[in-house]
Amino acid sequence: MDGGSNPGGSGGGPHVIVLGNEKGGSGKSTTAMHLVVALMKDGHRVGTIDLDARQGTLSRQIENRRAFAEANGLKLELPEHCRVHRAEADTREAAEADESARLQTALGELSGCDFVVVDTPGSDNHLSRLGHTLADTLITPLNDSFLDLDLLARIDHDARKILSPSVYSQMVWEQRQLRAAKGGRPIDWIVMRNRLSHIDARNKRDVGRLLEDLASRIRFRLAPGFGERVVFRELFPKGLTLLDLREKGAGVAMSMSHVAARQEVRALLAAIGLTSEVPSAAQ
Ligand SMILES: Nc1ncnc2c1ncn2[C@@H]1O[C@H](COP(=O)(O)OP(=O)(O)O)[C@@H](O)[C@H]1O
Ligand SMILES: [Mg+2]
């Protein structure tokens with residue numbers, strides 16, 4: 001991120017991090033929650049916006065966190081949270097104007113934050129596009145399978161070659177142009193491979209090769225993601241993240257696997273450039 005005294009990185013308002021792709025279940029909300037907690041633990045004031053209000057995964061995680069802290073007498077950091085619902089109106093123009101106004105209101109409420117983390121739905125809609133234009137940093141988690149690459153590009157699966165960018169990549173491209181036209185800073189687009197497993201080394205290598213090729217073609221950076229771990233399911237109902245496991249009363253026993261998982265979160269943050277912390281075995 002940009003240096004300087006403002007931890008948000010820009011001359012003015014908060015640094016906006018958007019989690020986006022057009023696929024459900026790839027880890028957007030999970031990654032959002034981990035980033036939010038990591039940034040709060042680093043002492044930043046963090047706001048959150050849930051643009052996937054229908055599913056409301058991020059909202060529920062934050063609510064679970066508040067409830068778990070209250071029930072157990074814990075002091076857990078909480079972000080300032082806004083939920084922005086899709087608008088219903090007689091015309092599409094009216095609905096879109098309403099959605100723009102709702103998002104602006106949310107941003108206004110969070111203007112004092114250092115960071116605002118925006119979670120988006122797994123499908124294309126006006127609110128999601130608006131969210132993408134806000135991004136200083138856009139993070140796209142991608143399930144680490146060959147099939148999921150079609151989120152970013154049309155792939156010839158037999159020849160394992162890239163044919164053309166996907167609709168999502170084109171959408172990001174358009175939002176980048178819109179933002180540039182308004183004089184905004186360029187979007188730093190980061191793709192992270194999620195749910196990495198040790199099985200199928202060939203697939204893993206092929207996915208990696210194609211992603212590196214795509215990264216230079218459609219201009220994103222690659223960051224390490226999280227391994228496939230059951231602990232995420234255990235943490236969700238408590239609104240906890242891997243970064244909370246040291247809290248007394250978290251109620252999830254720390255194991256070697258959790259230590260490795262926490263390192264993955266720290267490595268992601270370091271790759272994004274959002275925290276000063278360097279991943280270390282002690283974390
Ligand atoms: N690295 C991972 N290992 C295991 N489960 C994961 C991992 N990342 C996400 N999940 C699980 O996958 C499901 C979908 O994740 P979620 O973050 O809600 O995706 P999205 O927001 O993109 O729809 C959740 O049940 C979550 O706990
Ligand atoms: Mg989600």
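Biologist: How many Å is an oxygen atom of ligand 1 from a polar backbone atom of S29?

Modeller: A polar contact here is a pair of N or O atoms within 3.5 Å, and in this predicted model the oxygen atom of ligand 1 is 2.9 Å from the polar backbone atom of S29. Local features need pLDDT of at least 70 and side-chain atom pairs 80 or more, while totals for chains, interfaces and linings use all residues, and side-chain values use heavy atoms, without hydrogens and water. Residues are numbered from 1 along each chain as its sequence is written, with chains lettered from A and ligands numbered from 1 in the order written.

Biologist: Which atoms of S26 and T30 lie at a listed distance from an oxygen atom of ligand 1?

Modeller: For S26 it is a backbone N or O atom, at 3.1 Å, whereas T30 places a polar side-chain atom 2.6 Å from an oxygen atom of the ligand. The protein covers 83% of the 560 Å² of accessible area (Shrake-Rupley, 1.4 Å probe) that ligand 1 has on its own.

Biologist: How many residues surround ligand 1, and which helix gives the most to its shell?

Modeller: Counting residues with a heavy atom within 4 Å, 14 surround ligand 1, and G25, K28, S29, T30 and G227 are the closest. Helix α1, residues 28-41, gives the most, with three residues; the chain has eight helices and nine strands, taken as DSSP runs (H or I, at least four residues; E, at least two).

Note on methods:
A polar contact is a pair of N or O atoms within 3.5 Å; within protein, one must be able to donate a hydrogen and the other to accept it, and residues adjacent in sequence count only if both atoms are side-chain atoms.
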